[in-house]
Amino acid sequence: MKRKIYLNMQPLEEAQRLFWSRFKDYATGEETIPSREAAGRVTAAAVSARLSSPSFHSAAMDGLAVKAEDTFGAADDNPITLDIESGQAVFINTGHPMPEGKDAVVMIEHVLLTDDQKQGVIRAPVYPWQNVRKVGEDIVATELLFPSNHLITPPDVAALLTAGCPQVTVRKRPRLTIIPTGTELVDLEYCTDTPPPGKTIESNSAVLAALARQAGSEVTVTKIIADDYENIKNHLRSAVESDADVVIINAGSSAGSADYTVQVIDELGEVLVHGVTIMPGKPTILGVIDGKPVVGNPGYPVSAIISFEQFVVPLLAMMQGLSLPDPITARAVLARDLPSRGGIEEFRRMIAGKIGAQLVALPLKKGAGAITTLTRANAMLRIPASSEGETRGSVVNIELLRPLEQIEKTILCTGSHDLCLDLLHDFLKKSTPAYPLASTHVGSLGGIMAIRDNMTHMAGSHLLDPETGEYNVSYIKRYLKNREVALITLVHRQQGFMVRPGNPKGIESVHDLTREDITFINRQAGSGTRVLLDHELEKADLDPDVISGYDAEEYTHMAVAVAVLSGKADAGLGILAAARALGLDFIPVTEERYDLIIPEEFLNLEMIRRVLEIITTSEFKQAVEAMGGYSTKETGNRVTLKST
Ligand SMILES: Nc1nc2c(c(=O)[nH]1)N[C@H]1C(S)=C(S)[C@@H](COP(=O)(O)OP(=O)(O)OC[C@H]3O[C@@H](n4cnc5c(N)ncnc54)[C@H](O)[C@@H]3O)O[C@H]1N2
Ligand code: MOO
């Protein structure tokens, strides 16, 4: 089969226009359903009230129903007695019909009743129709309740029932069929433990189905279809021939040797667009078969979602007569340079938080295969195709993926990463009010720079000063000269060599790193672990140049662990937790202190006070110690920073 490379990439708006204009009048049919079940549905025609509400004059208060004119003149110095026994005044409860001839209600607390309750004395009058809900006050029979294409809300259901409409005619839900394709995919439900080697857990169909249901659709997901041209074609044809209104075929959209989606759509129908100048989502295919929209969504999870949100969710809304609200945006200061490829509109997932009076936004990784860039993000930055990127410190427009209030409660923690931060995040989210902790990993020195530039609430740091043996203090003095900061110990943790299980190369100390048969994997310059390694090498009088792999750098403990596990390296320096996560052996080298650096002016923020409270609780400390490789002997201590 010839590979099909997409040639005519369309800008997002043009692709949307080409696709949607083809389905301008593509609406779902109608159905009549019980009003009780109509919330979330869309009216297919105008709905008029059949009955008025109230349908009778009814008491709005508990008290005495009276003829208002009988109360005129009542005052403190002119009490009026109403005769209950004769029916001049009648006891009545809220919501009950007004007795014939009565036109007002005196609230019971304004009536002094005689002991036998046969008479009531009042000291103020009521005016006609006071405390009475008149016929049709709320709804008048025949009036318009809802126009066509109205999204029915829960209160609307009450209005429908009250107006005597037990049923309502609504647009049918659009029916969507999703076909996940890929020989490499497995359904997690059929995996006993871990997927077989080389297999990827299928997840896109579930997320697209959830998005479609949120958009009012009924969804069918087929089984996973292997990358086989005829097989894909047969399944696509039967999906189109079924009652589906829209068909999604996931993956196989790009230029791989087994990427058949575009040919299949082309053979069965017409390809309107293949390739959109957005990233993620570039290989999106928009087509039509037998008059039905068929979308080939890219396989990478983030690409699949963004493509679906840009093309399919609005189509589902249009088919129901709805239009989607514009995203809510806010201005934020960009915490890092974000170079971008011109000619492609980039959707960068961001973490935003409020530092002082302004929002600050930090970019997450770019990779479209990393679903956590969407689960962790609380905002999206769209860098237009015409731009070559944004620079650190510039003010940008971000689209909010969470309510602004929640974003403003987000604690930004930038710097070195430690698993205790994840624990802290969980503890913070369990507290009330819940504060999310969003940590981004740029190394200890990167964190200090973020504090300097007002881009974070706190920074995790473990920078050893080899001269003094002290952590972080000298770096703060050097780089944060004009900032008043607090240095709070979070944990002490073991750093050691991660080696493959059983330590096949017999690595015992830093001296082994210089052996010819050992390949090392390093951490990036500016990371605390790198500083620590250099210190250990210096102490042992070893020359870094003789260590094979000294120049190979990774950015996280886990990335180092992966390099060791994969055999790319024999050893790397890191924390016990990372070694454990991948089943590696661990040779302890030293214990180091990991601190939180927090500007003084933030110490009184409620969110930071909660952090400082939580880390001193025994529950938190126990949870830290239970992870292994950690000590909480000084957790919560404030390290004194002597001014120089
Ligand atoms: N030579 C080129 N290669 C690629 C290009 C390109 O322009 N030239 N584009 C890249 C981009 S951008 C994307 S996006 C992907 C899209 O790939 P496909 O739509 O062809 O999808 P696959 O290659 O089959 O899968 C990609 C990736 O996603 C995983 N996947 C697929 N389906 C699912 C699912 N239902 N649930 C979870 N994960 C899924 C799949 O295993 C792969 O890892 O192509 C690039 N390549
Ligand atoms: O355009 Mo692809 O969809 O970035 O990952």
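**Stop 1: the nonpolar cores.** This is a predicted model. Begin with its largest nonpolar core, which has 136 residues. Select Ile 248, Met 350, Ala 352, Val 360, Ala 361, Met 498 and Val 564, the members that touch the most others. Next colour helix H6: it gives this core its largest share, 10 residues. Then pick out Ala 59, Met 98, Val 106 and Val 126, which belong to a second, separate core of 15 residues.

Go back to Met 350. Which residues does Met 350 touch, leaving aside those up to four places away in sequence? They are Ala 361, Leu 362, Pro 363, Leu 364, Ala 377, Ala 379, Met 380, Leu 381 and Ile 398.

**Stop 2: ligand 1.** Select ligand 1 and its surroundings. The shell holds 27 residues, and the closest are Asn 204, Ala 251, Ser 253, Ser 254 and Gly 299. Helices H3 (204-214) and H6 (301-319) each give two or more residues to this shell. By class, the shell has 10 nonpolar, 13 polar and 4 charged residues.

**Stop 3: ligand 2.** Now move to ligand 2. Around it, select Met 279, Pro 280, Gly 281, Lys 282, Pro 298, Tyr 300, Ser 303 and Ala 368. Of these, 5 are nonpolar, 2 are polar and 1 is charged.

**Stop 4: helix H10.** Select residues 443-452. Here 9 of the 10 residues are buried, so the helix is largely enclosed by the rest of the structure. Among the buried ones are Gly 443, Leu 445, Ile 448 and Met 449. What do the buried residues of H10 pack against? Show strands E29, E31 (459-461), E34 and E38, plus helices H11 (473-479) and H12 (528-539). Following H10, find Asn 454: its phi is positive, near 60°.

**Stop 5: helix H15.** Select residues 606-615. Met 607, Ile 608, Arg 610, Val 611 and Ile 615 are buried. Look down the axis of H15: these buried residues fall within an arc of 155°, so they line one face of the helix. Glu 606 and Arg 609, on the other side, are exposed. The buried residues pack against strands E29 (411-415), E34 (485-499) and E38 (585-599), and against helices H9 (419-430) and H16 (618-626).

**Stop 6: the domains.** Zoom out and colour by domain. Domain 1 covers 12-26 + 174-319, domain 2 covers 30-54 + 137-171, and domain 3 covers 58-133. Domain 4 is 327-402 and domain 5 is 449-639. How far apart do the C-alpha centres of domain 2 and domain 4 lie? They are 42 Å apart.

Note on methods: Residues numbered from 1 in each chain as written. Chains lettered and ligands numbered in written order. Predicted model: local features only at pLDDT ≥ 70, side-chain atom pairs only at ≥ 80, totals over all residues. Buried ≥ 20, exposed ≤ 12 C-beta atoms within 10 Å, placed from the backbone. Helix = DSSP H or I, 4+ residues; strand = E, 2+ residues; numbered from the N terminus. Arc of directions from axis to C-beta. Contact = placed C-beta atoms within 7 Å. Near = placed C-beta within 6 Å. Nonpolar A, V, L, I, M, F, W, Y, C, P; charged D, E, K, R; others polar. Domains from an automatic or database assignment. Core = buried A, V, L, I, M, F, W, Y, C linked by C-beta atoms within 7 Å.
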